[in-house]
Amino acid sequence: MTTEAAIHTSVGTHRDREIVAAEVIVTCPARNFVTLKIVTRSGVTGIGDATLNGRELAVASYLKDHVVPNLIGRDAGRIEDTWQFFYRGAYWRRGPVTMTAIAAVDVALWDILGKMTKQPLYQLLGGRSREGALVYGHANGKDIDECSAEVGKYVALGYKAIRAQSGVPGIKKAYGISNLKNAYEPAESELPLETVWSTSKYLEFVPKLFERLRNDHGDEIELLHDVHHRLTPIEAARLGKSLEPFHLFWMEDSTPAENQRSFELIRKHTVTPLAVGEVFNSIWDCKHLIENQLIDYIRTTIVHGGGITHVRRLADFAALHGVRTGFHGATDLSPACMGAALHFDAWVPNFGIQEYMRHAPETDEVFPHDYSFKDGRLFCGESPGHGVTIDEKLAAKYPYSPKQLPVARLEDGTMWDW
Ligand code: GCO
Ligand code: MG
């Protein structure tokens with residue numbers, strides 16, 4: 001027996017593990033999703049989410065044209081080496097398209113490893129640190145009354161943590177407010193919808209919203225809010241300070257974070273906990289934020305952060321600095337990402353919270369999964385791998401539908417951050 005064979009007997013021989021096919025599946029069951037499916041010679045399949053909202057086909061092309069040809073013939077068991085090949089081996093590194101494509105490969109390979117070893121993914125990561133992951137749902141309303149009523153609905157459903165977004169008087173289409181009844185899907189149109197933003201109106205309004213929510217729903221429920229990159233650092237500092245009496249679980253993405261140092265200023269002025277990072281793709285996007293303890297929660301999740309292999313490094317680095325995870329979990333991340341994220345959440349020692357925006361029934365049908373919700377928590381299942389599959393026949397019935405995210409302008413027409 002060669003050394004190679006001896007080391008890997010529990011997951012078959014090198015020949016069994018050889019990748020013989022990799023397929024990119026684009027489907028639109030209520031919204032667009034890109035999925036990578038990898039198949040080994042022994043017939044084990046794994047899937048990974050590769051969805052980048054509004055830029056789906058860019059990732060599909062990156063995968064088809066540049067990744068898949070490099071996968072065929074590779075050993076599916078060499079997850080780390082494959083990650084390094086696509087990241088370190090590439091001259092053009094990082095960025096959302098590349099890191100989403102790498103994530104899809106990585107998650108599909110972890111899924112395969114789970115199936116080959118007959119272990120749920122959390123077990124491969126080191127076993128459970130908790131049974132279920134605390135999640136937060138989305139209460140969105142066109143005004144304070146409606147938003148408070150929505151918070152009430154989530155409380156009744158058993159949620160312990162709720163993100164609250166409300167329409168702002170004088171702003172026609174504020175972030176987070178939907179025309180749809182049960183979901184918020186910002187990518188509504190083929191070309192970006194132009195929205196108008198007013199910082200002064202928003203800053204006046206938000207403390208009133210949270211004062212009312214605390215009055216209506218008490219102090220126990222965790223409340224969160226997403227600023228969605230609209231403020232300058234000093235404005236974010238002001239908002240954080242004015243929200244202190246309502247003790248939010250977090251204030252999210254209060255300012256764009258290309259300049260990580262801008263959080264030094266916010267941090268100086270407020271003790272409202274800060275969350276950031278759903279648009280980050282690697283440790284390098286948040287290294288300064290984390291090592292200087294400028295944030296409390298890191299939101300970069302599996303699908304946009306290079307997969308489990310890289311996000312695990314990010315989470316370990318965050319743990320050294322007292323930063324906890326709070327993964328992005330909007331509906332534009334597929335159930336395949338949610339499945340992997342929930343196994344990660346079950347294991348990661350410095351877990352904080354998991355976002356949970358429920359998918360449409362059509363999405364759930366195309367991606368059968370074994371995770372479930374109970375008493376404000378999501379529980380990953382016990383099936384081998386990450387527990388999410390794709391029904392390819394059904395997926396084929398929902399062709400891609402081009403949609404882009406909106407843009408924002410100030411009232412004088414100046415382009416702003418959406
Ligand atoms: C969140 C996000 C989403 C994003 C969407 C963009 O916190 O859930 O900010 O609402 O806007 O995921 O693709
Ligand atoms: Mg957000």
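**A quick walk-through**

Guide: Let's start with Asp216, which is partly exposed at 37% relative accessibility. On this scale, buried is under 20% relative accessible area, exposed is over 50%, and partly exposed is in between (1.4 Å probe, protein chains only).

Visitor: Okay, what kind of model is this?

Guide: This is a predicted model, where local features need pLDDT of at least 70 and side-chain atom pairs count only at pLDDT 80 or more, while totals for chains, interfaces and linings use all residues. Residues are numbered from 1 along each chain as its sequence is written, chains are lettered from A and ligands numbered from 1 in the order in which they are written, and side-chain values use heavy atoms, leaving out hydrogens and water.

Visitor: Back to Asp216, which residue does its side chain meet in a salt bridge?

Guide: Arg212, at 2.7 Å from N to O. A salt bridge here is a side-chain nitrogen of Lys or Arg within 4 Å of a carboxyl oxygen of Asp or Glu. Arg212 is partly exposed too, with a relative accessible area of 29%.

Visitor: Where do Asp216 and Arg212 lie?

Guide: Both are in helix α8 (residues 199-217), four residues apart, or about one turn of the helix. Helices (H or I, at least four residues) and strands (E, at least two) are DSSP runs, numbered from the N terminus.

Visitor: How many salt bridges turn up in the whole structure?

Guide: The search finds 27. Among them is the one between Glu185 and Arg31, 2.9 Å from N to O. That pair links distant parts of the chain, 154 residues apart: Glu185 sits in the loop between β5 (161-166) and β6 (194-197), and Arg31 in the loop between β1 (19-27) and β2 (33-40).

Visitor: Are Glu185 and Arg31 buried or exposed?

Guide: Both are buried. For another case, take Arg128 and Glu131, whose side chains form a salt bridge at 3.8 Å, N to O. Arg128 counts as partly exposed at 26% relative accessibility, whereas Glu131 is exposed, with a relative accessible area of 53%.

Visitor: You mentioned β2. How many of its residues are buried?

Guide: Eight of the eight, so β2 is largely enclosed by the rest of the structure. One side has Phe33, Thr35, Lys37 and Val39, the other has Val34, Leu36, Ile38 and Thr40, and both faces are covered. In a regular strand, side chains alternate between the two faces of the sheet.

Visitor: And which strands run beside β2?

Guide: β1 runs antiparallel to β2, joined by eight bridges, and strand β3 (residues 45-49) is also antiparallel to β2, with five bridges. Two strands pair if DSSP finds at least two bridges between them. Ile38 stands opposite Ala22 and also opposite Gly46 in β3.

Visitor: What about the turns?

Guide: β1 and β2 form a hairpin with five residues between them, and Ala30 in that turn has a positive phi of about 80°.
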